[in-house]
Amino acid sequence: MAIPKRILVATDFSEASEAALDYAVDLAKAIGAKIVVLHAYELPVYGFPDGALIATADMAATIMNGAQAGVAAMCESRASRGVELSQVVRQGIVWEEVESVADEMSVELVVVGTHGRTGIAHALLGSVAEKIIRTSTRAVLTVHGPKKAKT
């Protein structure tokens, strides 16, 4: 097995994604790898019986700008940790964009955070991490986010 030289971290800006990026930075520093931080998103579409509401160009630009600012902030907060971080923001189906960017940037390892949802929450919300794991052509490492205290 080859030691990865390029790691892709997919983020949705959640605590689990923050934990995944921190883990990846520590790993990359230890093995001399570079990191690609990716946020991929789908534009919202709302269906109604008589039609659909699709994001306007202004709304799409606002979403893209917010996503770019979020990825930049994640990278800037870790810039002093001695690992090269590059940023990518894509609009599209998340798991497909993860695979596409991984191919384009010759990534050997994908790191994703997972919320660890089970039962009905998992069934209703689905799991992007699970889809990435099932469809990736390279190794995928999952990192659990912080545990929530039970009330």
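Here is a short chat about a predicted model of a protein chain.

User: Hi! What is the mean pLDDT of the protein chain?
Analyst: The mean pLDDT, the predictor's confidence in each residue from 0 to 100, is 88, and 89% of the residues reach 70 or more. In this predicted model, local features need pLDDT of at least 70 and side-chain atom pairs count only at 80 or more, while totals for chains, interfaces and linings use all residues. Residues are numbered from 1 along each chain as its sequence is written, and side-chain values use heavy atoms, leaving out hydrogens and water.

User: Where is confidence lowest?
Analyst: In helix H4 (residues 119-125), at a mean of 49, whereas S1 is highest at 98. Helices (H or I, at least four residues) and strands (E, at least two) are DSSP runs, numbered from the N terminus.

User: New topic: which residues touch the most other members of the largest nonpolar core?
Analyst: Ile7, Val9, Leu21, Ile35, Val37, Leu85 and Val111 do, out of 21 residues. Such a core is a set of buried Ala, Val, Leu, Ile, Met, Phe, Trp, Tyr and Cys residues joined through side-chain atoms within 4.5 Å; buried means under 20% relative accessible area (1.4 Å probe, protein chains only).

User: Which element gives the most to this core?
Analyst: H1, with five residues.

User: And what about Lys131?
Analyst: Its charged end sits over the ring of Trp95, 4.6 Å from the centre. That term asks for NZ of Lys or CZ of Arg within 6 Å of the ring centre and within 35 degrees of the ring normal.

Notes. Buried means under 20% relative accessible area, exposed over 50%, partly exposed in between (1.4 Å probe, protein chains only).
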